[in-house]
Amino acid sequence: MTTTREPTPPERTPSRPLTIAQIAELAGVSPATVSKVVNGRSEVAPETRALVEELIREHGYRRQKKRPASAPLVELVFHELEGAYAMEVIKGVEQVAREHDLAVVVSELQERRPPARGWLEGVIGRRPCGVIVVFSGLTRAQHEQFRTRDIPVVLVDPTGDPGHELPSVGAGNWSGGLSAGRHLLELGHRRIALITGPAHALSSRARLDGFRAAMDAAGVPTNPELVRQGDFSAEDGLAHARSLLALRRRPTAVFAFNDAQAMGVYQAAHELGLRIPDELSVVGFDDLPMAQWLIPALTTVRQPLTEMAAAATTMVVALARGETPPQNRLELTTSLVVRGSTAALAA
């Protein structure tokens, strides 16, 4: 049965957050039901849960007794859990978690389809000391649900502008794009193709802007014909590289916005019998462990993923202790790692 309620009259609007009993009265449900919602229990009808959450957002929630102790664990949330990128992040989180005797629980949002029903309730029910969200931000409503339970959230490599609401850790993507562009220009390349990340990804836009800054400084226009928007996958890099290398005037170099896409470029070059770097220079981004094992080894921009994840975990631990991090936004330095996949343009 769907639960409805009348709007709270102005004279009844409380001046302080509500207790479980007051929320239950407004919602027309039992205090036990409200307690189940607050603690992430699953046995509550969706309509009732939504109503209780709405009341908590509207009025706030005042605990009647000391908050239950958090479990000794950190929740690590990926939008999609696959590849070496995720492994580097997990490694960094575990390094710091181990120092504080914390376990790590890994979750997957899988943004390309709605998260599994009850995912958020599961996290709340586990009562982690904090949540680390990688690459993809949660919705405002999800953030609010964590906030009302005093569960701190830190973002790693957020997709969009994290603003000042949540602490976040990122990398110098603009300077990384700048260094990749300068490197290829110094080698004499002018016809440089780009395989970017998704348009909504802040990191991809920053890498593109940095690369364009290098081109502008050299007086070389960025050719729109040579720019392809990708999705950070090897398959995507392969498809776009095939298209770029099929052009009548093909590029002499490709800057792929992550190492996975660069692997796709290698495959496309192999299919056409093009030698890297003699006939095509390739630059990636991330410097995942596999980069040095490609043949030839990949020139790439190192993004310190393990260090970023470790810094985010340190922030979560501090927030869980009631401490305020020295800065809300931490950006770690990227650096160009030159290997065998780039060479001077042949005369």
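Reader: Where is the place of Leu319?
Author: Leu319 sits in helix 11, residues 305-320. Helices are DSSP runs of H or I with at least four residues, numbered from the N terminus. This is a predicted model, where local features need pLDDT of at least 70, side-chain atom pairs count only at pLDDT 80 or more, and totals for chains, interfaces and linings use all residues. Residues are numbered from 1 along each chain as its sequence is written, and side-chain values use heavy atoms, with hydrogens and water left out.

Reader: How does Leu319 count by relative accessibility?
Author: Leu319 counts as partly exposed, because its relative accessibility is 24%. Buried means under 20% relative accessible area, exposed over 50%, and partly exposed in between, with a 1.4 Å probe and protein chains only.

Reader: And what is Leu319 in contact with, leaving aside neighbours within four places in sequence?
Author: Pro152, Val154, Pro167 and Pro325. Contact means heavy atoms within 4.5 Å. Val154 is 165 residues from Leu319 along the chain, and their C-alpha atoms are separated by 9.4 Å.

Reader: New topic. At what angle do helix 9 and helix 10 pack?
Author: About 45°, with the axes of helix 9 (residues 234-245) and helix 10 (residues 259-272) 7 Å apart. Axes are lines fitted to C-alpha atoms, for helices over the stretch in contact, and angles run from 0 to 180 degrees between N-to-C directions. Helix 9 and helix 10 are therefore oblique to each other. Under 35 degrees counts as roughly parallel, over 145 as roughly antiparallel, 65 to 115 as roughly perpendicular, and the rest as oblique.

Reader: Which residues of helix 9 meet helix 10?
Author: Among them are Leu238, Ala241 and Leu245 in helix 9, while the helix 10 side includes Gly264, Val265 and Ala268.

Reader: Now salt bridges. How many does a search of the whole structure find?
Author: The search finds 9. A salt bridge is a side-chain nitrogen of Lys or Arg within 4 Å of a carboxyl oxygen of Asp or Glu.

Reader: What does Glu88 form a salt bridge with?
Author: Lys91, with the closest N and O atoms 3.2 Å apart. Both residues lie in helix 4 (residues 83-99), 3 residues apart, about one turn of the helix. Glu88 is buried at 15% relative accessible area, whereas Lys91 is partly exposed at 39%.

Reader: Which residues are linked in a network of salt bridges?
Author: Arg275, Asp278 and Glu279. The closest N and O atoms of Asp278 and Arg275 are 3.7 Å apart, and Glu279 meets Arg275 at 3.3 Å, N to O. Asp278 and Arg275 are exposed, while Glu279 is partly exposed at 32%.

Key. Helix = DSSP H or I, 4+ residues; strand = E, 2+ residues; numbered from the N terminus.
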